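Please examine the sequence and the structure before reading on.

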Amino acid sequence: MDKSVLTGVHFWDGDYACAEGAIAAGCRFFAGYPITPSTEIAERIAQRFPFVGGTFIQMEDELASMAAILGAAWAGTKAMTVTSGPGFSLMQENIGLGVMTETPCVVVDVQRGGPSTGLPTLTGQQDMMQARWGSHGDYEIIALSPSSPQECFDLTITAFDLSERYRVPVLLMMDECVGHMTEKVVVPEKEKIRPLPRRWYRGPKEKYRPFQPDADGVPPMVRAGKDFRIHITGLTHDERGYPVINAECQNLCVTRLVKKIRDNADKITICEEHSLEDAEVVVVAYGISARVAFKAIADAREKGVRVGMLRLITVWPFPEMRVSELAQRVKAMVMPEINLGQVYLELERVVAGRCRTFLVPHCGGWVHDPKDIFEAIMASVR
Amino acid sequence: MITEQETHPLDDLLRVDRIPHIWCPTCGLGIVLNSFLTAVRESGIPREDIVVVSGIGCTGRAAGYVNLDSFHTTHGRALPFATGLKLGNPRLKVVVISGDGDLVAIGGNHLIHTARRNMDMTVVCVNNFNYAMTGGQFGPTTPKGARLTTAPYGSYEHPFNIPFLVDSCGATYVARWTVLHIRQLTESIKEALVHPGFSFIEVISPCPTVYGRRNQLGSGLDIVKYYRDNSIVRNDIDTRECEIEYQGKIIVGRFVQKRKPTYLETMNEYLRQSVGEGFVPYQGPMDDGD
């Protein structure tokens, strides 16, 4: 019996839902190193993979885990690893290799409070800039932020689809609260989940160039073992994949890696909007912070303030166009984050002084008191 | 007049469009590559099944010269990348060719764990006793007393005896040769390629440009002459006995060859028994439409 999609209504936490989402998306290779609060994803995968034909390996550390999923992806599987803040830091170099070699894979970071060992069992959203810029060099990345166990399931599938579509590691930036929150998760019928297949190259073997992009800037892929004799390197390379160490090739190679995401940003970005039609104030939030903010928004509406929400589902690329449009017509934007201002910097940059912006910071350990967000909303219209 | 194009018998296994390579004159890496490709050809393994993975450094560049599927990864992480490749497609014969610094220093943790798991792959570790590409710093295999840029008065650290290290961790095939032992090395790589489990071959190789120059050991030829005069073949010895001292004797040979279930054999067998009827083994890579 096929157990890859557990169709039905479940009572799962975000971590379990994420594991099930990965299996439903067709992930059949997992390498990871245990770290709180992401461990339950690995545990669930270890328990479930033998029934769905997947290979689970617990590696010796996060560097190995990230390297292993890149190898598995080139062998032709869908591959994933999961971690939390300190482990995410250790993965950064190989996330860069994934970007440079255009390797589809999914990295889940269930965020805890930091820096360093910080708050292992308590929530944070403090890896958001690490997600954006954690590896060295210029690159663009895709990062999604679920707000509920249901979204942990759904967005894990989306993450795999985006990674296959754009050949880039996709980051699922959960937070401890969402990972450990238990709620209803509805898993659709298997036929309704249609994970995106890999973009295989179909032309003649002798014409294949591993990094020659299609019209949309993304090259089709082959896997190892098919006699294409690919050479894949983290060095700056030409379309054949051969290292070329000069400024000209760097410009071609790195610019394309960045452009394939930037040029498609409108297709990639996902937002959810609430009560924005008449809004004079917009709360911009993601992950667990968005859920806390709904209470503040309801309270402020009761006081007569026209406030709505823009919920970021993709945080990277940042939904620049939509934020820009809103900045022209609202008085203020209020951003609660469980950090002392990370994505807020991006918000300020895009708003560019066209409306007022307010950060509601929280440095981790727990979610915001909705009152703090409420007060920021009230202050923004004074 | 028609002139005949010069070719080499191994050209079909080389990316000839990438030659000349970047290795220094009289470096041992060309010999290692020659031995490896000869072994590949003689092994009879279909060429598309062999995948080469390298880390960083002079030896790390080997992946770029073989006309096989090849991956040049991050520093120290060739083994976990190779592990993912192997598990992602168990049909592949995965070979890691990398240096002592890459595999034993920054990648040391992966080395011991890949050996412990008896992951089915072949590792060719080219040991030139230093970090050559970055200018000649000492490393975990540098013999005591050897001078290098970060050991200007000579290294005083205890070096690794690599065969003993991997043997003690569970490697099921362990050999060491110098680049002078071309036939034995080629034979060893051939044996390793068909050996089920973690096979490890250390190759002692001259680095005349850096290690040799800093220690006034003469040219590459002088270093190879030293190998001739100082190598002792001792097959099947206890790997504890093959430590290398500065300009001392070099014990070479095939030290370990034994059969033990590989990671995949163990995993599949164990899960088949403990999970029972519901167990679905991994079905291999995604269908790519042919």
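Which backbone oxygen does the side chain of N130(B) reach? The side chain of N130(B) extends to the backbone oxygen of N128(B), at a distance of 3.0 Å. The model under discussion is predicted, and this residue is taken up again below.

## Chain A as a whole

Chain A contains 13 helices and 16 strands. Along the principal axes, the C-alpha atoms of chain A fill a box of roughly 70 × 50 × 40 Å.

Of the 382 residues in chain A, 64% are buried. Among contacts in chain A with a separation of 6 or more, 76% are between residues 24 or more positions apart. The chain exposes about 13600 Å², of which carbon and sulfur atoms supply 53%. Chain A also carries 42 positive and 48 negative side chains, and the centres of these two sets lie 6 Å apart.

## Two buried loop residues in chain A

S135(A) belongs to the loop between α5 (128-133) and β7 (142-144) of chain A. Its relative accessibility is 4%, which is under 20%, and S135(A) therefore counts as buried. Apart from neighbours within four places in sequence, S135(A) is in contact with Q92(A), E93(A), I95(A) and G96(A).

V305(A) occupies the loop between α10 (287-302) and β13 (307-312). With a relative accessible area of 6%, V305(A) is buried as well. Its contacts, leaving aside neighbours within four places in sequence, include E280(A), V281(A) and I377(A). By comparison, D266(A) is 39 residues from V305(A) along the chain, and their C-alpha atoms are separated by 30 Å.

## A residue in strand β16

F358(A) lies in strand β16, which spans residues 356-361 of chain A.

In sequence, F358(A) and A332(A) are 26 residues apart, while their C-alpha atoms are 7.6 Å apart in space. Not counting residues up to four places away in sequence, F358(A) touches A332(A), M333(A), V334(A), M335(A), Y344(A), A379(A) and S380(A).

## N130 in chain B

N130(B) is located in the loop between β4 (121-127) and α5 (162-169) of chain B. Its relative accessibility is 3%, so N130(B) counts as buried. Leaving aside neighbours within four places in sequence, the residues in contact with N130(B) include D100(B), G136(B), C207(B) and Y211(B).

## Backbone features

Where do cis peptide bonds occur? One joins G114(A) and P115(A), with omega about 0°; P115(A) is found in the loop between β5 (105-113) and β6 (119-123) of chain A. Another joins I19(B) and P20(B), with omega about 10°. P20(B) is placed in the segment before α1 (29-43) of chain B.

Positive phi values are found in residues other than glycine at two further positions. E102(A), in the loop between α4 (85-100) and β5 of chain A, has phi near 55°. This residue is buried, with a relative accessible area of 0%. T26(B), in the segment before α1 of chain B, has phi near 65°. In contrast to E102(A), which is buried, T26(B) is partly exposed, with a relative accessible area of 46%.

Technical notes. Residues are numbered from 1 along each chain as its sequence is written. Chains are lettered from A and ligands numbered from 1 in the order in which they are written. This is a predicted model: local features need pLDDT of at least 70, side-chain atom pairs count only at pLDDT 80 or more; totals for chains, interfaces and linings use all residues. Side-chain values use heavy atoms; hydrogens and water are left out. Helices (H or I, at least four residues) and strands (E, at least two) are DSSP runs, numbered from the N terminus. Buried means under 20% relative accessible area, exposed over 50%, partly exposed in between (1.4 Å probe, protein chains only). Contact means heavy atoms within 4.5 Å. Accessible areas come from the Shrake-Rupley method with a 1.4 Å probe; for residues, only the protein chains shown count as cover. Lys and Arg count as positive and Asp and Glu as negative; His and the chain ends are not counted. The place of a charge is taken as NZ of Lys, CZ of Arg, CG of Asp or CD of Glu. A polar contact is a pair of N or O atoms within 3.5 Å; within protein, one must be able to donate a hydrogen and the other to accept it, and residues adjacent in sequence count only if both atoms are side-chain atoms.
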